[in-house]
Amino acid sequence: MSEKTVTSAYVTLRSKILRFAARFFPAEEDADDALQEAFCRLWQRHDNINTISEAEALAKTTVRNLAIDAHRHREVARAESLDAGMDAVDSSSSPLEAMERNESRLLVEKIISDNLTELQRKVLRMRDFEERSYADIASLLEMEEEAVRAHLSRARKKLRQCYLNYTK
């Protein structure tokens with residue numbers, strides 16, 4: 001697709017892709033940013049795009065992937081803030097703060113025992129508490145490293161969701 005055709009596709013598809021982006025990004029600026037990024041990527045690949053419908057499909061896929069990345073980034077940030085809250089141990093803290101930390105720890109232990117599968121508990125314990133490598137865990141549990149990573153990810157996600165539900 002020529003540069004002129006890509007420019008034409010931008011003019012033709014701009015409002016449609018912007019509406020599509022607005023579904024994923026409630027803030028207008030974020031939707032605009034996603035639109036801009038989608039068309040920047042179209043511009044970089046203009047030699048491989050033959051029709052406006054291909055340009056539209058690529059732009060929509062890009063916007064959707066950007067939304068997924070943004071969601072993952074928010075989840076990671078939320079998990080990190082949760083982890084930071086759990087790890088923040090100040091030796092000069094009051095007895096009340098120590099009691100609250102202990103209650104949080106007990107809640108996490110209860111969530112782990114009540115909501116995770118046996119395999120998820122093993123993987124989580126080995127990785128996060130025993131600090132074993134993925135290869136070591138895979139060897140001990142006779143599974144692939146990717147399967148270990150998947151079980152750990154699901155366990156952490158479930159733990160986060162349950163913790164957030166309990167603390168609301």
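In this predicted model, helix 5 and helix 6 cross in a right-handed sense. Helix 5 covers residues 118–129 and helix 6 covers residues 134–141; the two pack at an angle of about 140°, and their axes sit 10 Å apart. That angle makes helix 5 oblique to helix 6, since only values over 145 degrees would count as roughly antiparallel. On the helix 5 side, the contact involves Leu-119, Lys-122, Val-123, Met-126 and Arg-127, which meet Tyr-134, Ile-137, Leu-140 and Leu-141 of helix 6. Sorted by class, this contact has seven nonpolar residues, two charged ones and no polar ones.

Turning to the rings, the count comes to two aromatic pairs. One of them joins Tyr-10 and Phe-39 edge-to-face, at 4.7 Å centre to centre and with 85° between the planes. This pair ties together distant parts of the chain, as Tyr-10 belongs to helix 1 (residues 3–24) and Phe-39 to helix 2 (residues 28–44), 29 residues apart. Tyr-10 has a relative accessible area of 28% and is therefore partly exposed, whereas Phe-39, at 8%, counts as buried.

The other pair, Phe-20 with Phe-24, is also edge-to-face, with 5.2 Å centre to centre and 75° between the planes. Here both residues lie in helix 1, four residues apart, or about one turn of the helix. Phe-20 counts as buried because its relative accessibility is 11%, while Phe-24, at 34%, comes out as partly exposed.

Methods
Residues numbered from 1 in each chain as written. Predicted model: local features only at pLDDT ≥ 70, side-chain atom pairs only at ≥ 80, totals over all residues. Heavy atoms only, no water. Axes fitted to C-alpha atoms, helices over the stretch in contact; angles between N-to-C directions. Parallel < 35°, antiparallel > 145°, perpendicular 65-115°, else oblique. Left-handed = near helix turned anticlockwise from the far one by under 90°. Contact = heavy atoms within 4.5 Å. Nonpolar A, V, L, I, M, F, W, Y, C, P; charged D, E, K, R; others polar. Phe/Tyr/Trp six-rings, centres within 6.5 Å; stacked < 30°, edge-to-face > 60°. Buried < 20%, exposed > 50% of the residue type's maximum accessible area, 1.4 Å probe, protein only.
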